[in-house]
Amino acid sequence: MTETNTINPLGIEPVGKLLKKFAIPSIIAMLVGSLYNMVDQLFIGNFVGPLGNGATNIQFPLSILNVSIALLCGIGAASTFNLAMGRGETEKAGHYIGNAVTVMLIGGLILTTLTELFLEPILLACGATENILPYAMEYSRICALGFPFFILSGGGSHLVRADGSPNMTMAINLVGAIVNTILDYLFVAVFGWGMSGAAIATIIGQYIAGFMVLFYLTRFKTVKLHKEHFVPQLSIIIAIASLGTAPFINQIAMMLVQIVMNHVMGHYGAQSIYGSDIPITCAGIISKVNGICFSFVIGISQGLQPIISFNYGAKNYKRVKDAYHLAIKLAAIITTISWLCFQLFPRQIVSIFGSGSQLYFDFCTKYFRIFLFGICTAFLQPLTSNFFTAIGKPYKGIFMSLTRQVLFLTPLIILLPFFFGFNGVLYAGPVADVLSFTICFILIRREFSRPEFRNL
(Lines give C-alpha, C1' and ligand atoms only; values in the text may rest on other atoms or scores of the structure.)
Protein backbone atom coordinates (compact mmCIF):
# COMPACT_ATOMS: atom_id res chain seq x y z
CA MET A 1 0.00 0.00 0.00
CA THR A 2 1.33 3.40 -0.94
CA GLU A 3 1.91 6.28 1.41
CA THR A 4 -0.90 8.18 -0.30
CA ASN A 5 -3.28 5.33 0.47
CA THR A 6 -2.30 5.36 4.12
CA ILE A 7 -3.04 9.01 4.71
CA ASN A 8 -6.08 9.35 2.46
CA PRO A 9 -9.34 7.70 3.65
CA LEU A 10 -10.37 7.15 0.01
CA GLY A 11 -7.80 4.37 -0.11
CA ILE A 12 -8.46 2.63 3.20
CA GLU A 13 -12.01 3.19 4.51
CA PRO A 14 -14.74 0.63 3.65
CA VAL A 15 -16.26 1.31 0.25
CA GLY A 16 -19.82 1.32 1.61
CA LYS A 17 -18.94 3.88 4.25
CA LEU A 18 -17.21 6.10 1.69
CA LEU A 19 -20.08 5.88 -0.79
CA LYS A 20 -22.52 6.84 1.93
CA LYS A 21 -20.29 9.72 3.01
CA PHE A 22 -19.93 11.14 -0.49
CA ALA A 23 -23.17 10.07 -2.18
CA ILE A 24 -25.70 11.35 0.36
CA PRO A 25 -24.49 14.96 0.23
CA SER A 26 -24.20 14.63 -3.56
CA ILE A 27 -27.77 13.37 -3.81
CA ILE A 28 -29.00 16.23 -1.66
CA ALA A 29 -27.00 18.67 -3.76
CA MET A 30 -28.50 17.26 -6.97
CA LEU A 31 -31.99 17.30 -5.48
CA VAL A 32 -31.53 20.90 -4.52
CA GLY A 33 -30.33 21.72 -8.03
CA SER A 34 -33.40 20.04 -9.52
CA LEU A 35 -35.63 21.89 -7.09
CA TYR A 36 -34.35 25.30 -8.25
CA ASN A 37 -36.44 25.17 -11.40
CA MET A 38 -39.14 22.98 -9.89
CA VAL A 39 -39.82 25.38 -7.02
CA ASP A 40 -40.25 28.20 -9.53
CA GLN A 41 -42.60 25.99 -11.53
CA LEU A 42 -44.66 25.11 -8.46
CA PHE A 43 -45.27 28.74 -7.57
CA ILE A 44 -45.67 29.85 -11.17
CA GLY A 45 -48.13 27.04 -11.92
CA ASN A 46 -50.28 27.90 -8.92
CA PHE A 47 -50.10 31.72 -9.10
CA VAL A 48 -49.43 32.52 -12.77
CA GLY A 49 -50.90 29.56 -14.65
CA PRO A 50 -50.04 26.86 -17.21
CA LEU A 51 -48.54 29.34 -19.71
CA GLY A 52 -46.07 30.42 -17.04
CA ASN A 53 -45.13 26.78 -16.55
CA GLY A 54 -44.68 26.48 -20.28
CA ALA A 55 -42.29 29.46 -20.15
CA THR A 56 -40.03 27.75 -17.60
CA ASN A 57 -39.88 24.77 -19.96
CA ILE A 58 -38.80 27.03 -22.83
CA GLN A 59 -36.10 28.56 -20.60
CA PHE A 60 -34.99 25.14 -19.37
CA PRO A 61 -32.46 24.54 -22.21
CA LEU A 62 -30.59 27.64 -21.02
CA SER A 63 -30.46 26.21 -17.51
CA ILE A 64 -29.17 22.92 -18.91
CA LEU A 65 -26.47 24.82 -20.81
CA ASN A 66 -25.33 26.38 -17.53
CA VAL A 67 -25.23 22.97 -15.88
CA SER A 68 -23.22 21.58 -18.79
CA ILE A 69 -20.48 24.19 -18.27
CA ALA A 70 -20.56 23.56 -14.52
CA LEU A 71 -20.10 19.82 -15.03
CA LEU A 72 -17.42 20.26 -17.71
CA CYS A 73 -15.29 22.24 -15.25
CA GLY A 74 -16.50 20.75 -11.97
CA ILE A 75 -16.39 17.03 -12.72
CA GLY A 76 -13.40 17.45 -15.02
CA ALA A 77 -11.39 19.28 -12.36
CA ALA A 78 -12.55 16.97 -9.56
CA SER A 79 -11.48 13.90 -11.57
CA THR A 80 -8.08 15.33 -12.56
CA PHE A 81 -7.58 16.62 -9.02
CA ASN A 82 -8.31 13.23 -7.39
CA LEU A 83 -6.23 11.33 -9.95
CA ALA A 84 -3.32 13.72 -9.32
CA MET A 85 -3.68 13.35 -5.55
CA GLY A 86 -3.76 9.57 -5.93
CA ARG A 87 -0.44 9.82 -7.77
CA GLY A 88 0.96 12.20 -5.16
CA GLU A 89 1.12 15.22 -7.53
CA THR A 90 -0.08 17.78 -4.98
CA GLU A 91 1.18 20.96 -6.65
CA LYS A 92 -0.31 20.12 -10.01
CA ALA A 93 -3.62 19.28 -8.35
CA GLY A 94 -4.03 22.88 -7.18
CA HIS A 95 -3.89 24.18 -10.75
CA TYR A 96 -6.83 21.98 -11.73
CA ILE A 97 -8.99 23.59 -9.04
CA GLY A 98 -7.99 27.20 -9.75
CA ASN A 99 -8.26 26.96 -13.52
CA ALA A 100 -11.70 25.36 -13.27
CA VAL A 101 -13.00 28.27 -11.18
CA THR A 102 -11.65 30.83 -13.64
CA VAL A 103 -13.18 29.09 -16.65
CA MET A 104 -16.54 28.76 -14.91
CA LEU A 105 -16.78 32.48 -14.16
CA ILE A 106 -15.66 33.52 -17.64
CA GLY A 107 -18.04 31.04 -19.25
CA GLY A 108 -20.94 32.37 -17.17
CA LEU A 109 -20.23 35.97 -18.14
CA ILE A 110 -20.09 35.09 -21.84
CA LEU A 111 -23.36 33.15 -21.61
CA THR A 112 -25.08 36.02 -19.79
CA THR A 113 -23.98 38.52 -22.44
CA LEU A 114 -25.13 36.36 -25.37
CA THR A 115 -28.48 35.63 -23.73
CA GLU A 116 -29.24 39.27 -23.01
CA LEU A 117 -28.28 40.30 -26.57
CA PHE A 118 -30.17 37.57 -28.42
CA LEU A 119 -32.89 36.52 -25.98
CA GLU A 120 -35.94 36.49 -28.27
CA PRO A 121 -34.38 34.47 -31.12
CA ILE A 122 -32.90 32.07 -28.54
CA LEU A 123 -36.32 31.45 -26.97
CA LEU A 124 -37.97 31.01 -30.36
CA ALA A 125 -35.25 28.51 -31.25
CA CYS A 126 -36.07 26.70 -27.98
CA GLY A 127 -39.66 26.23 -29.17
CA ALA A 128 -41.57 29.17 -27.66
CA THR A 129 -45.09 29.62 -28.99
CA GLU A 130 -46.80 32.99 -29.46
CA ASN A 131 -48.70 32.59 -26.18
CA ILE A 132 -45.71 31.43 -24.11
CA LEU A 133 -43.04 33.81 -25.46
CA PRO A 134 -43.89 36.91 -23.35
CA TYR A 135 -43.73 34.89 -20.12
CA ALA A 136 -40.45 33.26 -21.20
CA MET A 137 -38.90 36.65 -22.09
CA GLU A 138 -39.77 38.13 -18.69
CA TYR A 139 -38.43 35.12 -16.79
CA SER A 140 -35.28 34.43 -18.83
CA ARG A 141 -33.97 38.00 -19.01
CA ILE A 142 -33.66 38.14 -15.23
CA CYS A 143 -32.40 34.56 -14.81
CA ALA A 144 -29.54 35.30 -17.23
CA LEU A 145 -28.06 37.75 -14.71
CA GLY A 146 -27.35 34.85 -12.37
CA PHE A 147 -25.58 32.57 -14.87
CA PRO A 148 -21.97 33.12 -13.63
CA PHE A 149 -22.86 32.18 -10.06
CA PHE A 150 -25.27 29.45 -11.18
CA ILE A 151 -22.31 27.81 -12.94
CA LEU A 152 -19.89 28.51 -10.07
CA SER A 153 -22.19 27.06 -7.42
CA GLY A 154 -22.95 23.96 -9.51
CA GLY A 155 -19.40 23.26 -10.65
CA GLY A 156 -17.75 24.48 -7.47
CA SER A 157 -19.68 21.95 -5.40
CA HIS A 158 -17.74 19.17 -7.17
CA LEU A 159 -14.46 20.84 -6.25
CA VAL A 160 -15.53 21.12 -2.62
CA ARG A 161 -16.53 17.46 -2.55
CA ALA A 162 -13.21 16.43 -4.17
CA ASP A 163 -11.47 18.23 -1.29
CA GLY A 164 -13.17 15.81 1.10
CA SER A 165 -16.00 18.10 2.25
CA PRO A 166 -19.25 16.57 0.98
CA ASN A 167 -21.22 18.13 3.83
CA MET A 168 -20.11 21.58 2.74
CA THR A 169 -21.26 20.73 -0.80
CA MET A 170 -24.63 19.87 0.65
CA ALA A 171 -24.74 23.10 2.66
CA ILE A 172 -23.90 25.25 -0.37
CA ASN A 173 -26.78 23.83 -2.37
CA LEU A 174 -29.23 23.71 0.53
CA VAL A 175 -28.73 27.34 1.46
CA GLY A 176 -29.27 28.47 -2.13
CA ALA A 177 -32.41 26.38 -2.50
CA ILE A 178 -33.90 27.42 0.84
CA VAL A 179 -33.36 31.08 0.00
CA ASN A 180 -34.92 30.53 -3.43
CA THR A 181 -37.98 28.81 -1.95
CA ILE A 182 -38.60 31.45 0.72
CA LEU A 183 -38.20 34.28 -1.75
CA ASP A 184 -40.42 32.50 -4.30
CA TYR A 185 -43.17 32.48 -1.72
CA LEU A 186 -42.67 36.16 -0.87
CA PHE A 187 -42.18 37.48 -4.40
CA VAL A 188 -44.76 35.33 -6.24
CA ALA A 189 -47.39 34.31 -3.70
CA VAL A 190 -47.33 37.37 -1.39
CA PHE A 191 -46.14 40.28 -3.54
CA GLY A 192 -47.66 39.00 -6.77
CA TRP A 193 -44.59 39.71 -8.91
CA GLY A 194 -45.30 36.73 -11.17
CA MET A 195 -42.55 35.52 -13.52
CA SER A 196 -40.18 38.33 -12.52
CA GLY A 197 -40.53 37.47 -8.85
CA ALA A 198 -39.68 33.81 -9.47
CA ALA A 199 -36.63 34.78 -11.52
CA ILE A 200 -35.36 37.26 -8.92
CA ALA A 201 -35.74 34.63 -6.18
CA THR A 202 -33.73 32.18 -8.27
CA ILE A 203 -30.74 34.41 -8.94
CA ILE A 204 -30.50 35.59 -5.33
CA GLY A 205 -30.23 31.96 -4.22
CA GLN A 206 -27.59 31.30 -6.88
CA TYR A 207 -25.48 34.29 -5.88
CA ILE A 208 -25.49 33.27 -2.23
CA ALA A 209 -24.45 29.69 -3.13
CA GLY A 210 -21.72 31.01 -5.44
CA PHE A 211 -20.24 33.23 -2.76
CA MET A 212 -20.17 30.25 -0.40
CA VAL A 213 -18.02 28.38 -2.93
CA LEU A 214 -15.62 31.31 -3.19
CA PHE A 215 -15.38 31.50 0.60
CA TYR A 216 -14.57 27.77 0.82
CA LEU A 217 -11.80 28.08 -1.76
CA THR A 218 -9.92 30.38 0.63
CA ARG A 219 -9.89 27.48 3.11
CA PHE A 220 -9.25 24.55 0.77
CA LYS A 221 -7.95 21.65 2.89
CA THR A 222 -5.86 19.24 0.84
CA VAL A 223 -4.05 21.87 -1.24
CA LYS A 224 -3.21 25.48 -0.39
CA LEU A 225 -4.55 27.56 -3.29
CA HIS A 226 -2.58 30.60 -4.46
CA LYS A 227 -3.21 33.26 -7.11
CA GLU A 228 -1.08 31.47 -9.68
CA HIS A 229 -3.40 28.47 -9.50
CA PHE A 230 -6.20 30.60 -10.98
CA VAL A 231 -4.19 31.82 -13.98
CA PRO A 232 -5.47 29.93 -17.05
CA GLN A 233 -3.06 27.40 -18.54
CA LEU A 234 -4.05 25.72 -21.78
CA SER A 235 -2.61 22.32 -20.85
CA ILE A 236 -4.48 22.34 -17.52
CA ILE A 237 -7.76 23.41 -19.14
CA ILE A 238 -7.42 20.70 -21.80
CA ALA A 239 -6.84 18.07 -19.10
CA ILE A 240 -9.90 19.26 -17.18
CA ALA A 241 -12.03 19.34 -20.32
CA SER A 242 -10.94 15.86 -21.38
CA LEU A 243 -12.38 14.34 -18.21
CA GLY A 244 -15.36 16.70 -18.03
CA THR A 245 -16.44 16.23 -21.63
CA ALA A 246 -18.64 13.18 -20.99
CA PRO A 247 -21.03 14.87 -18.53
CA PHE A 248 -20.80 18.08 -20.57
CA ILE A 249 -21.90 16.34 -23.75
CA ASN A 250 -24.59 14.48 -21.84
CA GLN A 251 -26.06 17.80 -20.70
CA ILE A 252 -25.74 19.35 -24.16
CA ALA A 253 -27.53 16.30 -25.53
CA MET A 254 -30.28 16.80 -22.94
CA MET A 255 -30.56 20.43 -24.02
CA LEU A 256 -30.88 19.47 -27.68
CA VAL A 257 -33.44 16.79 -26.86
CA GLN A 258 -35.43 19.34 -24.86
CA ILE A 259 -35.39 21.79 -27.79
CA VAL A 260 -36.34 19.09 -30.32
CA MET A 261 -39.06 17.88 -27.96
CA ASN A 262 -40.49 21.39 -27.62
CA HIS A 263 -40.68 21.80 -31.40
CA VAL A 264 -42.09 18.32 -32.01
CA MET A 265 -44.64 18.73 -29.22
CA GLY A 266 -45.70 22.09 -30.60
CA HIS A 267 -45.93 20.80 -34.17
CA TYR A 268 -47.86 17.58 -33.54
CA GLY A 269 -49.79 19.06 -30.64
CA ALA A 270 -51.21 21.74 -32.95
CA GLN A 271 -52.60 18.94 -35.12
CA SER A 272 -54.24 17.17 -32.17
CA ILE A 273 -57.04 17.87 -29.71
CA TYR A 274 -54.47 19.10 -27.19
CA GLY A 275 -53.14 22.12 -29.10
CA SER A 276 -49.48 23.18 -28.95
CA ASP A 277 -49.32 24.79 -25.50
CA ILE A 278 -50.52 21.80 -23.42
CA PRO A 279 -47.90 19.30 -24.70
CA ILE A 280 -45.05 21.81 -24.28
CA THR A 281 -46.16 22.62 -20.73
CA CYS A 282 -46.62 18.95 -19.80
CA ALA A 283 -43.25 17.99 -21.27
CA GLY A 284 -41.57 20.55 -19.02
CA ILE A 285 -43.30 19.28 -15.89
CA ILE A 286 -42.49 15.64 -16.62
CA SER A 287 -38.82 16.37 -17.40
CA LYS A 288 -38.38 18.16 -14.09
CA VAL A 289 -40.15 15.47 -12.09
CA ASN A 290 -37.98 12.90 -13.84
CA GLY A 291 -35.03 15.08 -12.83
CA ILE A 292 -35.86 14.36 -9.19
CA CYS A 293 -35.41 10.63 -9.81
CA PHE A 294 -32.14 11.19 -11.62
CA SER A 295 -30.92 13.47 -8.86
CA PHE A 296 -30.54 10.29 -6.80
CA VAL A 297 -28.83 8.37 -9.60
CA ILE A 298 -26.48 11.19 -10.60
CA GLY A 299 -25.83 12.00 -6.94
CA ILE A 300 -24.68 8.42 -6.41
CA SER A 301 -22.57 8.68 -9.56
CA GLN A 302 -20.93 11.90 -8.36
CA GLY A 303 -20.34 10.48 -4.89
CA LEU A 304 -18.72 7.49 -6.53
CA GLN A 305 -16.32 9.62 -8.61
CA PRO A 306 -13.64 10.48 -6.00
CA ILE A 307 -13.63 6.88 -4.73
CA ILE A 308 -13.16 5.47 -8.23
CA SER A 309 -10.61 8.09 -9.35
CA PHE A 310 -8.37 7.85 -6.29
CA ASN A 311 -8.34 4.05 -6.08
CA TYR A 312 -7.83 3.59 -9.81
CA GLY A 313 -4.91 6.03 -9.66
CA ALA A 314 -3.54 4.09 -6.68
CA LYS A 315 -4.11 0.72 -8.49
CA ASN A 316 -6.60 -0.54 -5.88
CA TYR A 317 -8.75 -2.20 -8.54
CA LYS A 318 -10.84 -4.35 -6.21
CA ARG A 319 -12.08 -1.25 -4.40
CA VAL A 320 -12.92 0.32 -7.77
CA LYS A 321 -15.03 -2.68 -8.80
CA ASP A 322 -16.71 -3.05 -5.40
CA ALA A 323 -17.69 0.62 -5.31
CA TYR A 324 -19.17 0.49 -8.82
CA HIS A 325 -21.25 -2.61 -8.09
CA LEU A 326 -22.61 -1.14 -4.87
CA ALA A 327 -23.58 2.08 -6.67
CA ILE A 328 -25.35 0.12 -9.42
CA LYS A 329 -27.48 -1.80 -6.90
CA LEU A 330 -28.57 1.37 -5.13
CA ALA A 331 -29.39 3.19 -8.38
CA ALA A 332 -31.43 0.24 -9.68
CA ILE A 333 -33.59 0.28 -6.54
CA ILE A 334 -34.22 4.02 -6.90
CA THR A 335 -35.27 3.88 -10.56
CA THR A 336 -37.58 0.94 -9.85
CA ILE A 337 -39.34 2.88 -7.09
CA SER A 338 -39.63 5.89 -9.42
CA TRP A 339 -41.13 3.69 -12.13
CA LEU A 340 -43.83 2.50 -9.75
CA CYS A 341 -44.69 6.07 -8.70
CA PHE A 342 -44.87 7.31 -12.29
CA GLN A 343 -47.10 4.41 -13.35
CA LEU A 344 -49.45 4.48 -10.36
CA PHE A 345 -49.74 8.17 -9.40
CA PRO A 346 -49.17 10.37 -12.49
CA ARG A 347 -52.22 12.62 -12.07
CA GLN A 348 -51.52 13.22 -8.39
CA ILE A 349 -47.96 14.27 -9.23
CA VAL A 350 -49.07 16.67 -11.98
CA SER A 351 -51.70 18.22 -9.69
CA ILE A 352 -48.94 19.60 -7.47
CA PHE A 353 -48.07 22.05 -10.26
CA GLY A 354 -51.46 23.74 -10.35
CA SER A 355 -54.80 23.28 -12.06
CA GLY A 356 -55.62 22.81 -15.73
CA SER A 357 -58.21 21.49 -18.13
CA GLN A 358 -59.23 17.84 -18.37
CA LEU A 359 -57.24 17.60 -21.63
CA TYR A 360 -54.19 18.92 -19.79
CA PHE A 361 -54.38 16.22 -17.11
CA ASP A 362 -55.20 13.49 -19.63
CA PHE A 363 -52.12 14.27 -21.69
CA CYS A 364 -49.80 14.54 -18.66
CA THR A 365 -51.00 11.17 -17.34
CA LYS A 366 -50.46 9.54 -20.73
CA TYR A 367 -47.02 11.15 -21.05
CA PHE A 368 -45.89 9.92 -17.62
CA ARG A 369 -46.95 6.32 -18.20
CA ILE A 370 -45.58 5.89 -21.71
CA PHE A 371 -42.51 8.14 -22.01
CA LEU A 372 -41.08 7.10 -18.61
CA PHE A 373 -41.96 3.41 -18.91
CA GLY A 374 -38.29 2.45 -19.36
CA ILE A 375 -36.94 4.50 -16.48
CA CYS A 376 -36.24 1.36 -14.43
CA THR A 377 -33.37 0.60 -16.86
CA ALA A 378 -32.05 4.18 -17.09
CA PHE A 379 -29.70 3.98 -14.09
CA LEU A 380 -26.87 2.23 -15.92
CA GLN A 381 -25.97 4.90 -18.49
CA PRO A 382 -25.06 7.85 -16.20
CA LEU A 383 -23.23 5.65 -13.69
CA THR A 384 -21.20 3.82 -16.33
CA SER A 385 -20.42 6.96 -18.31
CA ASN A 386 -19.12 8.67 -15.17
CA PHE A 387 -17.20 5.52 -14.21
CA PHE A 388 -15.12 5.65 -17.41
CA THR A 389 -14.54 9.36 -16.94
CA ALA A 390 -13.40 8.78 -13.35
CA ILE A 391 -10.81 6.17 -14.38
CA GLY A 392 -9.33 8.50 -17.00
CA LYS A 393 -10.98 6.98 -20.10
CA PRO A 394 -13.02 9.96 -21.28
CA TYR A 395 -13.71 8.73 -24.81
CA LYS A 396 -15.71 5.76 -23.57
CA GLY A 397 -17.47 8.02 -21.10
CA ILE A 398 -18.32 10.45 -23.88
CA PHE A 399 -19.69 7.68 -26.09
CA MET A 400 -21.93 6.35 -23.33
CA SER A 401 -23.12 9.83 -22.46
CA LEU A 402 -24.30 10.12 -26.08
CA THR A 403 -26.14 6.81 -26.27
CA ARG A 404 -29.54 7.68 -24.87
CA GLN A 405 -29.93 11.35 -25.79
CA VAL A 406 -28.14 11.67 -29.13
CA LEU A 407 -27.83 8.22 -30.69
CA PHE A 408 -31.30 6.97 -29.77
CA LEU A 409 -33.78 9.44 -28.25
CA THR A 410 -33.46 12.39 -30.62
CA PRO A 411 -33.74 10.34 -33.84
CA LEU A 412 -36.63 8.35 -32.38
CA ILE A 413 -38.51 11.51 -31.36
CA ILE A 414 -38.29 12.66 -34.97
CA LEU A 415 -38.89 9.32 -36.74
CA LEU A 416 -41.49 7.44 -34.68
CA PRO A 417 -44.29 10.03 -35.17
CA PHE A 418 -44.19 9.20 -38.90
CA PHE A 419 -45.31 5.67 -38.02
CA PHE A 420 -47.32 6.10 -34.81
CA GLY A 421 -48.48 9.72 -34.95
CA PHE A 422 -48.29 11.85 -31.81
CA ASN A 423 -47.89 8.72 -29.66
CA GLY A 424 -44.58 8.03 -31.42
CA VAL A 425 -43.00 10.89 -29.47
CA LEU A 426 -43.94 9.14 -26.24
CA TYR A 427 -42.76 5.69 -27.35
CA ALA A 428 -39.30 7.14 -28.06
CA GLY A 429 -38.55 7.36 -24.32
CA PRO A 430 -38.70 3.68 -23.28
CA VAL A 431 -37.13 2.46 -26.54
CA ALA A 432 -34.14 4.77 -26.05
CA ASP A 433 -33.80 3.70 -22.40
CA VAL A 434 -33.63 -0.02 -23.25
CA LEU A 435 -31.20 0.44 -26.14
CA SER A 436 -28.90 2.63 -24.03
CA PHE A 437 -28.97 0.09 -21.18
CA THR A 438 -27.93 -2.68 -23.56
CA ILE A 439 -24.94 -0.78 -24.97
CA CYS A 440 -23.66 0.30 -21.53
CA PHE A 441 -24.05 -3.23 -20.13
CA ILE A 442 -21.90 -4.67 -22.93
CA LEU A 443 -19.15 -2.06 -22.49
CA ILE A 444 -18.88 -2.34 -18.71
CA ARG A 445 -18.73 -6.13 -18.93
CA ARG A 446 -15.82 -5.79 -21.35
CA GLU A 447 -14.03 -3.36 -19.03
CA PHE A 448 -14.31 -5.69 -16.04
CA SER A 449 -12.93 -8.56 -18.11
CA ARG A 450 -9.59 -6.70 -18.40
CA PRO A 451 -6.62 -8.26 -16.52
CA GLU A 452 -6.58 -5.70 -13.67
CA PHE A 453 -10.21 -6.46 -12.77
CA ARG A 454 -10.26 -10.19 -13.45
CA ASN A 455 -10.48 -12.61 -10.49
CA LEU A 456 -10.88 -9.86 -7.89
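Here is a quick briefing on the domains, core, disulfide and charged pairs of this structure.

This is a predicted model, so local features need pLDDT of at least 70 and side-chain atom pairs count only at pLDDT 80 or more, while totals for chains, interfaces and linings use all residues. Residues are numbered from 1 along each chain as its sequence is written, and side-chain values use heavy atoms, with hydrogens and water left out.

**Domains**

- The chain is assigned domain 1 (13–232) and domain 2 (245–455), with bounds that come from an automatic or database domain assignment.
- Their C-alpha centres sit 20 Å apart.
- Domain 1 puts 51 residues into the contact and domain 2 puts in 51 residues, where contact means heavy atoms within 4.5 Å.

**Nonpolar core**

- The largest nonpolar core counts 139 residues, and Met-265, Tyr-367 and Phe-387 have the most contacts inside it.
- A core here is a set of buried Ala, Val, Leu, Ile, Met, Phe, Trp, Tyr and Cys residues joined through side-chain atoms within 4.5 Å; buried is under 20% relative accessible area, exposed is over 50%, and partly exposed is in between (1.4 Å probe, protein chains only).
- Helix 11 (residues 277–313) supplies the largest share of this core, 16 residues; helices (H or I, at least four residues) and strands (E, at least two) are DSSP runs, numbered from the N terminus.
- Each of domain 1 (13–232) and domain 2 (245–455) gives this core at least three residues.
- Leaving aside residues up to four places away in sequence, Tyr-367 touches Met-261, Met-265, Ala-283, Ile-286, Leu-372 and Leu-426.

**Cysteines**

- The whole structure has 1 disulfide, meaning a pair of cysteine sulfur atoms within 2.5 Å.
- That label goes to Cys-282 and Cys-364, whose sulfur atoms are 2.4 Å apart.
- Cys-282 is in helix 11 and Cys-364 is in helix 14 (residues 358–371), so the pair ties together parts 82 residues apart in sequence.
- The torsion about their S-S bond is about -90°, so this disulfide is left-handed.
- Cys-282 is buried at a relative accessible area of 0%, and Cys-364 is buried at 0% too.
- Cys-143 is buried at 5% relative accessibility, and its sulfur is 13 Å from the closest cysteine sulfur, in Cys-126, which is too far for a bond.

**Charged side chains**

- There are 7 salt bridges in the structure, each a side-chain nitrogen of Lys or Arg within 4 Å of a carboxyl oxygen of Asp or Glu.
- Glu-447 pairs with Lys-393, with the closest N and O atoms 2.9 Å apart.
- This pair links distant parts of the chain, 54 residues apart: Glu-447 belongs to helix 17 (residues 423–448), and Lys-393 to the loop between helix 15 (380–390) and helix 16 (394–420).
- Both of these residues, Glu-447 and Lys-393, are buried.
- Arg-450 also forms a salt bridge with Glu-447, at 3.8 Å between the closest N and O atoms, and Arg-450 is partly exposed at 35% relative accessibility.
- Glu-452 and Arg-450 meet in a salt bridge at 3.2 Å, N to O.
- Through shared partners, Lys-393, Lys-396, Glu-447, Arg-450 and Glu-452 join into one network.
- Lys-321, in helix 12 (residues 317–344), is buried yet has no salt bridge, and the nearest side chain of opposite charge, Asp-322, is 7.4 Å away; Lys and Arg count as positive and Asp and Glu as negative, while His and the chain ends are not counted.
- Not counting residues up to four places away in sequence, Lys-321 touches Phe-448 and Phe-453.
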